[in-house]
Each structure stands twice: as structure tokens, then as C-alpha cells.
Amino acid sequence: MVAVQAILPIFALIALGLLIGRRGWLSTEGSSGLASLTFKLFMPAVLFNGIARAELGEGMSPMLLVAYFAPVLLVFVLVNLVAHRLRGRPTALGLTAAYSNNVLVGIPLVSTLLGSESLVFVFAILVFHSLILFSLQSFYVALGSGERVSGAALLKNLANPLIVGLVAGALLNLSGLDLPEPFWRLAGWLAQAALPCALLVLGLSLARYRLRPSPAAFVLSVIKLGLFPLSVWWLSGLLPGLSMEARSVLVLLAACPSGVNVLAFVRHADDTRPVGSAVFLSTVVAAVSLPLWMHLLAG
């Protein structure tokens, strides 16, 4: 019951954003502007503010990265092998099953359920999350279709504002320097705007799609919300040096719904429906599956 009460505001804001988008209460330009501010200013402020003042010791553990990214790679490869065999071409289905919405859902979820001090584990994953998966998808598509890999596109993954915020905060933390109090107050104000805006933006993004159930969308959602976090839970229990807090964060991140960004990697019209439906369906079902995972973690 506690987990349900904790995540209810998160999904209520997503639903509100969905309602605003479906009703047209915010123009397309307004939605794009809010999304741009959220990703380029508010969320980098959260990441900078959090990692600059965090205890980086356990958060930078190699075991933490192995416990999360080994299952990520396994899911990505296996789903793509099956999808490629069935469709005869590269798809974004493996990316959909492996890529969690760790920014728009993961950060609010972890900070609400486990406290802001647990965000250091989220930050460690976010440093590599998009870089690894988007680069893998780019290489996979290039190899499968005979195209050339764009070096500029790969470098763009490193230059996005979220990575800049993380790296800047980590460098400040490691330097031991401190900044004037007015700066921290400003960064704190920007960070406070981030989480509600991020959840509204997610709802607004989902409003562009319709839930069209299909076997592919159902299977992808089961893998994303069930098998992927289960594998993270199993592996993190085998690896040494991971606290229960770290394991809980990793499982919650793995149990987040598929990220909307995967739609940018859809290259074939036949993939738009299953990928869009899987993103929508996994977000809706996560409102139920996440409390179940919290119950399991608490037990």
C-alpha cells in the first residue's frame, strides 16, 4: 500500500500530461518548448545538483554497472536475434525491450520511494545508458542494412545536456571545490521544476500515440517489465559488494517502462505500431507492476 501511495502522484502527473495532450490544451509549440526546457535545463540541473553533492564511492562500483548492463545487453541481443529472424531486417524491438525510461520515470520513482540519496546509483547508470544502447542500435542497423555508422550521431549521444550535467557535477564533486550559496539555491529551484515537468512531458509525448494491442507489443512489455528486472535482481544478488539499496535502485530502473526515445530509431513503417504500442502499454502496466516489484524488494 505504501508503494502504491508513493507512485500514485507519479502516474497521476503522467495521466494529466496525457489528458492535456489529448484535449489540445497545450499547443504543439508549447509542448515542444516544455520538453526542450525540461531536457536542456531542468533535468540537467537535477543531475548536476545531485551528483555534485553525492557520495560517489558505491555509486561508481564496477559491479553496479555489470549488474545492470549485462542483462541490458542480453535482452537487446536476444530480442533482436528473434525479431531479425522473423522480419528479415534490423528493427528497434530489441532496443524497446532493453531501454528504460530512467530519466522521466526512473529519477522521480527512485527519489520518491528511496530518497534523493539513492539517486547516485541512478546517475551512474545514466552516464552510460543512452550512450551504450543508442550506439549499439546504430551499429546493429548499419551492419544489418549495409549502411555506414555516423560518427557525428555517436558523438551526439555524448554531447546531450543530461550527460553534460552529470559530467559537470561529477567533476565538481571530485575537485573538492564549492560554489557560492546563491548558485546552489538557483540550481535547487531549477531541479524542483524538473520532476513534475518531466512527468507531464512524458504524458504529452504519449498523447501522440494510440494503444493498439498486438502480440509483439504484449511480448515486449512482458520482457521489459518482467524478465528484464528479474534478471537484474538475480544477477545483482550474485555479484559482491552491492548493498540492498543499490540492488533496489537497479531493479526499479530495469522495471521502468520503455523510453519514448526508442521511437526515434524506428526505420520501417511496420515497426511503428508495435514499438509505439509497447511504449504506451508498458507505461500503463508499470503503474501496477512497479508496486509489485517494490513489494518483492521490501520482502
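Helix 10 buries Ala217, Leu220, Ser221, Ile223, Lys224, Leu225, Phe228, Pro229, Val232, Leu235 and Ser236. These buried residues pack against helix 3 (62–87), helix 4 (93–98), helix 11 (244–254) and helix 12 (269–298). The model is predicted. Its largest nonpolar core has 87 residues, and its largest pocket holds about 1200 Å³ of space.

**Helix 10**

- Helix 10 covers residues 215–238, which makes 24 residues.
- At 1.5 Å a residue, helix 10 should span 34 Å. The C-alpha atoms at its ends are 33 Å apart, which agrees.
- Helix 10 also has a kink of about 35 degrees. The kink is centred on Ile223, and Ile223 is one of the buried residues of this helix.
- An α-helix has 3.6 residues a turn, so residues three or four places apart point the same way.
- Among the buried residues of helix 10 are Ala217, Leu220, Lys224 and Phe228.

- Ile14 touches Val105, Leu199, Leu202, Gly203, Leu206 and Thr283, leaving aside neighbours within four places in sequence.
- One of these partners, Val105, is a buried residue of helix 5.

**Helix 5**

- Helix 5 runs over residues 102–113 and has 12 residues.
- A straight helix would reach 16 Å at 1.5 Å a residue. The end C-alpha atoms of helix 5 are only 14 Å apart, short of that span.
- Helix 5 is mostly covered, with 11 of its 12 residues buried.
- The buried residues are Asn102, Val103, Leu104, Val105, Gly106, Ile107, Pro108, Leu109, Val110, Ser111 and Leu113.
- Gly115 follows helix 5 and has a positive phi, near 100 degrees.

**The largest pocket**

- About 1200 Å³ of space lies in this pocket. It is lined by 42 residues.
- The lining residues closest to the pocket centre are Phe39, Phe134, Val260, Asn261 and Ala264.
- Two or more lining residues come from each of helix 2 (28–52), helix 5, helix 6, helix 7 (151–158), helix 8 (161–175) and helix 9 (181–206).
- Helix 2 gives the most to the lining, with 7 residues.

**Loop between helix 9 and helix 10**

- Arg212 sits in this loop. Arg212 is partly exposed, with a relative accessible area of 43%.
- Arg212 and Ala264 are 52 residues apart in sequence, and their C-alpha atoms are 19 Å apart in space.
- Ser214 is found in the loop between helix 9 and helix 10 as well. Ser214 has a relative accessible area of 18%, under the 20% cut-off, so Ser214 is buried.
- From Ser214 to Asn80 the separation is 134 residues in sequence and 18 Å in space, C-alpha to C-alpha.

**Loop between helix 8 and helix 9**

- Leu179 lies in this loop. Its relative accessible area is 28%, which makes Leu179 partly exposed.
- Leu179 touches Phe48, Leu172 and Trp184, not counting residues up to four places away in sequence.
- Leu179 and Val77 are 102 residues apart along the chain, and 44 Å separates their C-alpha atoms.

**Loop between helix 11 and helix 12**

- Leu263 has its place in this loop. With 15% relative accessibility, Leu263 counts as buried.
- Leu263 is in contact with Tyr209, Val275 and Gly276, leaving aside neighbours within four places in sequence.
- Leu263 and Leu56 are 207 residues apart along the chain, with their C-alpha atoms separated by 33 Å.

How values were computed
Residues numbered from 1 in each chain as written. Predicted model: local features only at pLDDT ≥ 70, side-chain atom pairs only at ≥ 80, totals over all residues. Heavy atoms only, no water. Helix = DSSP H or I, 4+ residues; strand = E, 2+ residues; numbered from the N terminus. Expected span 1.5 Å × (residues − 1). Bend = angle between axes of the 7 residues up to and from the residue. Buried < 20%, exposed > 50% of the residue type's maximum accessible area, 1.4 Å probe, protein only. Contact = heavy atoms within 4.5 Å. Core = buried A, V, L, I, M, F, W, Y, C linked by side-chain atoms within 4.5 Å. 1 Å grid on protein atoms, 1.4 Å probe; cavity = no way out; pocket = protein on both sides within 12 Å on 5 of 7 lines; lining within 4 Å. Points joined across faces, edges and corners; volume = space filled by probe spheres on them.
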